[in-house]
Amino acid sequence: MTRFWLIKFLRTVLTLWLVVTFTFIVLRTSGDPVVALLGGDAMPDEIEQFRQQWGLDQPLFVQYLQYVAQMATGQFGDSLRDHRPVIDIIFERVPATLSLGLAAYLMAALIGIPAGILAALRRGSFIDRAIMAFAVFGFALPNFFLGILMILFFSLILQVLPSSGTGTIWHFIMPAITLGTFTAGTLARFTRSAMLEVLEKPYMRAAAAKGVPAIKRILFHALPNAAIPIVTIIGLNLGQLIAGAIVVETVFAWPGVGRLLVTAVSQRDLALVQGLVLVIATTMVLANLIVDLTYGLLDPRIRKGA
Amino acid sequence: MTAPLLDIRNLFVPLPAGADRAYAVEDLSFSLAKGEILCIVGETGSGKSLTAMATMGLLPPNLPRASGQVSFEGTDLLTLPASTRRKMAGSRLAMIFQEPIAALNPIYTVGKQVSETFKLHTDLRPDAIKARVIDLFREVRLPNPEEIFNAYPHQLSGGQCQRVMIASALALDPSLLIADEPTTALDVTTQAQILKLMLDLREKHGTGILFITHDFGVVAEIADRVAVMRQGRLVEIGPAAEVLAHPKAEYTQKLLAAVPKLEPRHARSGLTETVLKASGVAKLFTSRTVLGTTREVRAVDNVDLTIRRGETVGLVGESGSGKSTLAQCVIRLVEPDQGDLVISGETFSGLQGAALRAARQRVQIVFQDPYTALDPRQTAGNAIAEGPIIHGLSRAKAKERALDLLEAVGLDRSAAARFPHEFSGGQRQRICIARALAVEPQLLIADESVSALDVSVQAQILDLLAEMQERLQFGLLFITHDLRVASRICDRIAVMRQGRIVEQEEPAELFAHPRENYTRELLAAVPGSGRLISPASRTGNAGS
């Protein structure tokens, strides 16, 4: 077991190091942060002083080593713009993104999974075709467009929901739907195909031969076996949660990590962007780790390493 | 006479519109008495499994409703409401299946799965249920019942899983047990044990058993009466001894004639040139558990094997004996750890890259499952011509060779343009053989190549292999778990156990005087060996 965790840990560190290095290189080679920060008409000595202050006058390699060393000790540096620790700025924003993401995911799972099960059970029927049509609609519709449409309809015409900001439960509704539609559609599709495969298995027939009622067969025999592909999709889509948040938070003026990233990139706030990318990457890696662990919980064959 | 336990009258199971015939089961009538074993025998598509499903109430929902009468203990099952019927399933009628490991849910312990039957149909408390399940496990002779209770299906062997299924089926002492090919996926020795167990249980509980099989050997072992089905219709029904000895229907006679018999032959004489010389072949599989400990399996353990031109060598053994791994080592689909391979005088082991690819022309393989061995998007003609083209034949010549080969394996030349799904299983296996022979190999490996086929088709494919060998004089390594098949076509049989060849002899000698205990066990376990063995073994026919 120690070995298992050691390998997982080393892989996590390797992934994060690659992410850190990649962002560092891309950011330093894509334009001068000082010019972006101080404006094109700043005085040369002003620029020089700024460079020295932030260590930007050092060779790229030295900057990189300093940066990695900082990361390793858990220090992400200060924001170039408002001089506060990057980590504080990010963690102020995390709860907003997390709560929106969870709401969107809950909605996606509560709609997508039962819809997929129903479509599989009624394969080829009108219900199946209708659900699948909605699923395709769900992941084909760009979410910024859906968001704008909803604002137009519910905020401007009907005036029943707030168009931006946070505070009440009402604020959650439109951003969560916008963010969750894609995942709900994908989940419905994958749940359907996973269930179709499981329903054909001999053990499903054996369960029927034992006299297990249909509802129990679906919930206790089929669904846990179909869960592995479903969990995989949920894990993969966690990335969508962040990527989607960038758009959705901008559309609904939601004060989360996604919007912070957009601002930080446009302002060339190097330290902040790097910190954000690392936080997002860590979320992804953790999500993958949770998915791996869930596999073990779901399937004894994986658990025993057989 | 008392009323029969199960009485099926004029059963029709319709197929959906567009199928190749209107009914899967057509006007079927038979009955089964209490404590009787009735075998339903038939080939693929005979409707025997659907008859079982209709009785059990498990017909796939996409089929139209069955009509007729299925009376069980005086009640017509077909007219019962679904909920009443469900309550009878598992308690009064029970069923076991062909693939025992697949018939158990992989994510629950087997103890939990057998307990479920009690939970559904009784008010017993959990600890009482557990005690009953462990008693059942003991009754079906599972070793260490307490441990097996907490085991998952993947931790048990196929035979153990089938015992678990039987335990689950017998839990509430049903009066009817439906067994759908319950031993087909098992080794012969395991099959013999399971059949004996079923006979014992019938004796003890008086259970009526409806036993579906395609194997007349099994019928001879277990049946009181036999019903033969073909394309949904009942062809013949009668006492087992009578049907086996004096079949009335022409179809039954044909089926019985196609059953491979234990007819051990002598080796052909006049075999000279060696095409395969394998010496000291070894393959070790290591797997690492989560805990970091390694487990080693000697799949192939220092094996020597020679095959001469035009000779057929049989490799027999139970699953896990290493026969397939040995074959894969010989053709180097699996890289052997040790050993030398010489194929028609040239070294085959150790070759790399282009030299290996060129040498692959000398040895070809035909796999077990013709349904998955052909690329579904490649026409039969292209599948056959691909090999020769890779090995340097011009496109036009390769196409011509493909057409000739199709004809040689008994298909029409026009078949070249068709895709695999347009062929039956037997026809696909013919294409696979043509594909293997297209590059003119000196050695052909047939890995359980007839095991997935119906007996009548099996006989045809065996004849085809023999005929092609006669013409092309390749050496044939024939892997099978069926001693009856091996006895019929092999010049020499090698018995494998735990990665080693324990005995190697010409069939007539091997069957008459087996030296190893293990060989004797294998021979004794051949189903129907008491009745279906032909008394005099054939005399050897000299090879050309």
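Modeller: A UniProt annotation may be inferred rather than shown by experiment, and its positions are given in the numbering used here. The model itself is predicted.

Colleague: Which residues of chain A does the annotation "transmembrane region" cover?

Modeller: The unreviewed UniProt entry gives 102-121, 133-157, 169-188, 226-252 and 272-298 of chain A.

Colleague: What makes residues 102-121 of chain A helix or strand?

Modeller: A helix is a DSSP run of H or I with at least four residues. Over 102-121 of chain A the chain is 100% helix and 0% strand, so this stretch counts as helix. Its end C-alpha atoms are 28 Å apart. Residues 169-188 of chain A are also 100% helix, with 26 Å between the end C-alpha atoms.

Colleague: How is chain A divided into domains?

Modeller: Domain 1 is 2-72 and domain 2 is 91-303. Their centres, taken over C-alpha atoms, are separated by 33 Å.

Colleague: How many residues of each domain take part in the contact?

Modeller: Contact requires C-beta atoms within 7 Å. Domain 1 of chain A gives 13 residues and domain 2 of chain A gives eleven. On the domain 1 side, H1(A) gives the most, with nine residues.

Colleague: What makes up the side of chain B that touches chain A?

Modeller: The contact takes 28 residues from chain B and 23 from chain A. H3(B) gives the most to the chain B side, with four residues. That side divides into 15 nonpolar, nine polar and four charged residues.

Technical notes: Residues are numbered from 1 along each chain as its sequence is written. Chains are lettered from A and ligands numbered from 1 in the order in which they are written. This is a predicted model: local features need pLDDT of at least 70, side-chain atom pairs count only at pLDDT 80 or more; totals for chains, interfaces and linings use all residues. Helices (H or I, at least four residues) and strands (E, at least two) are DSSP runs, numbered from the N terminus. Domain bounds come from an automatic or database domain assignment. Two residues are in contact if their C-beta atoms, placed from the backbone, lie within 7 Å. Ala, Val, Leu, Ile, Met, Phe, Trp, Tyr, Cys and Pro count as nonpolar, Asp, Glu, Lys and Arg as charged, and the others, Gly among them, as polar.
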